[in-house]
Amino acid sequence: MLDPHSLGTRRLAPAIVEYIHRTSPAAAPAHRLTAEAADAQFEQLARELFAAQFAANPPYQAWCRSRGVDPTRIRSWRDIPAVPTAAFKEFDLTCLPPAGRTRVFHSSGTTAQRPGRNFHDAESLSVYEASLRPWFVAHVLGELPELEAEELLAPGQDPAFLSLTPPAEAVPHSSLVYMFDTIVRHHGARDSVFAGRLDAGGGWEVDHDRALFALRKSMCANRPILLLGTAFNFVQLLDHFAAGNIRYRLAEGSRVLETGGYKGRTRVVPKAELHALITRHLGISPRRIGCEYGMCELASQAYDDPGADHRRFHFPPWARARVIYPETGADVPDGQPGLIQICDLANVASVVAVQTGDLGVRSGDGSFELLGRAEAVEPKGCSLNSADV
Amino acid sequence: MTLPNLYLADLGPGLELSPSTLHEAAYAIRRNREQWLRRQRTRTLVELLAYAADRWRDPQNSFRLRALSEGAADAGFGPATLARGLDAFLASVTAENLEGLIVQDLGDAKRLDGFAGTMPELRTGRTSFARGPELLVHFCAGNLPTPTLMNLVLGVLTKSAQFFKLPTRGGLIPRLFAHSLAELEPKLGACLEFATWPRERLDLEDALLANADCVTATGSDERIQAVRQRMPVRTRLVIYGHRVSFAYIASEMLTLYGLKRLVADAAADIVAWNQLGCLSPHVIYVQDQGVVSPEGFASALADELARLEKLEPRGELSPTEAGAILSARTVYEMRRAVGPGPLDLARQESVFFESAHTVHLWQSEESTAWTVVLDTDPTFKHSCLQRFIYIKPVKQLAAVLRFAEPIRSQLSTVALAAQEDIGAAHALELARWGATRICPLGRMQAPPLLWRHDGRPALGDLVTWTDLESC
């Protein structure tokens, strides 16, 4: 007998991948959906996916029912109940039967807490890859009009990547590293490097010798390099540069993609300062430093516009962000702060709508400015807002 | 009313501060203290403080009016919540209580004026004099104004010049109180200074620390640790770190006729300062087997919180705070909806309980104004606060102590509702376990002025003694 997942979400996956192809920046003009058609299909797919997940995801169904919501009540994708990321720590919010959960991604955060978990199988991973690649290529590999693609991509040559994270084998539960690994596998030169490793406590640390070797090699060859890493990866690398008074001038066209994230570290460097340090020590101009916004509970990512005064994050057409006022769940007006909520069609095997604790300011076109990430919204009583001693 | 520019903080956030500004400000208040405050008799200062506090209780007092109208924006409390919290504190600032505090901590009301002796001292031919720090520096927290006000009162009693490093939000009311003191006695106002700066300005913090004779630090453990690391080695540091509190209701109190009072008291503790103080309850442990069940109590409490929301609304939250409540509510909604089963990891991992925990939830509609979660898992749980309370049924007090073990070192207050004979035994058990304050339900956020803050003599910790031995 077929389980509800096989009947529903699995059946929808090809349609969603098709939608991704037809709305992706890489879509051929003849194949591309018009904005109107894209909106209508998004609406249709989101509702169908919700209905399928409702049937196959028991805790999600029970919770929706307790709120009086079922698929017949959904008029718009905005009505789909969004699951807070905190719930992923406690419940198996997945449509996959236990035997089918071949991969699990864990949320970062302090090790004292149980991580959020998002389960995958081969098929949901293939949707994940279909989602992550075109948007990364468009935003990071330089198909945006303001970045000239040929700088980074010499004809016939793949760009060299230096990821400051550990390699995927070392951190199989990191969705971020899975993403970097996918990108490097498909788009990277053969000499791309993962220069991170695990320290004695299981935390991530940068292997400076390997990282510096890769950077020097790219400088000697005068070949651009693309650095990937979490904010804390970069803090570690730059601390090493500062301690040794090292300054590099990476080849013209080199870029940085920084994903935020400090994984419970005590030292947090404000973004502007971090980027200034990157510019100072690596010689990469601010307009070549991009940021990514993603999480293990989602399958799509948002990227910002490097160099802009107000860095706005954009999700791809198959994942739509709202900024809501949590008291009522209503959208905030443009320019107002609220919490970021995402409806992500690529999240096929889990839940289509996810409520984050991250604070953002809405802009009209569906993008948002990120004010702060709630890496650990575990309230601590008195210290809630007394932290600024 | 417009405030005169007495203090650095009066000049607004645009003010550029430098270490030399702070050195000069510290020098000035130290000199003013030497010329005036040090020479005042304790009785004069006690009368002054008591009079100022009494004036603040007048509904037409201009400082009070300003505190209530602007305090909401600055500290995040509605006017009714603010008024109730402030009045509870102000009412305790009487001449009798202030002198009582000195006697309690220092043994004699005139200790700070000259040599005096208690019987044991006199018998051994000694008298002693308690002298306050010349410059007392306070690193203040912003969650509620009363701890800063209390520090201000203590520092006036010890005749110290005082510098308050205010938080970026929540510092208005202490500053207004200082202005009201300055209006009564400008020479006292001239011994105080208030300023604020972003956390990154360690140069300013160091400048201040270099001038201090004694420092108090209130706030999160991490921030206190950061201050402690940079303290000059011979300067005294008094810390008020992160604390949590809970309540315990014994089954004999859960009667039909007593329920109304019990629920009103519990709700008062939750509503006071929107639960943001260290003395506010995170969890109310309810002994089961009472006439009224824990569910009955929780449901009545929810009704009372709904009623109080109309009289004393909690006020608006930031999206992040409201989001934390929303998120916690969803997890409990999901637990309730899913019910006992293999999906709940918490249950699988629990080593204490074989039976499944059940969850009930009562919450305000269309807002996060108040939330009552009844959870049969007795493990102590930090609340998101802002009127979000856990009710946890237990068999007996011993179970509470076992399940609250992780927060034992952070425990402040336990509110105890029990019959007198049982209550006395419970109190001793709690005291031995580590509670530094045990109070009746309904009074958690209204500690007496003579309260030993975090189990320490608040005034006694500030002074240095000189013993005089006669021949």
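Predicted model: local features only at pLDDT ≥ 70, side-chain atom pairs only at ≥ 80, totals over all residues.
## Chain A on its own

Let's start with the secondary structure: chain A carries 11 helices and 17 strands. Of its 389 residues, 51% count as buried.

How far apart in sequence are the residues that meet? If you take the contacts in chain A between residues at least 6 apart in sequence, 67% of them join residues at least 24 apart.

## Where B meets A

On the chain B side, 45 residues are in contact with 35 residues of chain A. Four elements of chain B each bring at least two residues to that side: strand 5 (214-218), helix 11 (221-229), helix 14 (319-338) and helix 15 (345-349). Helix 14 of chain B gives the largest share, with 14 residues.

## The nonpolar core

Now for the largest nonpolar core, which has 243 residues. Those with the most contacts inside it include Leu162(A) and Ala346(A) from chain A, and Ala247(B), Ile249(B), Ile284(B), Leu301(B) and Ile391(B) from chain B. Helix 14 of chain B turns up here too: the largest share of this core, eight residues, comes from that helix.

Leaving out residues up to four places away in sequence, Leu301(B) touches Val263(B), Ala266(B), Ala267(B) and Val372(B).

How values were computed: Residues numbered from 1 in each chain as written. Chains lettered and ligands numbered in written order. Contact = placed C-beta atoms within 7 Å. Core = buried A, V, L, I, M, F, W, Y, C linked by C-beta atoms within 7 Å. Buried ≥ 20, exposed ≤ 12 C-beta atoms within 10 Å, placed from the backbone.
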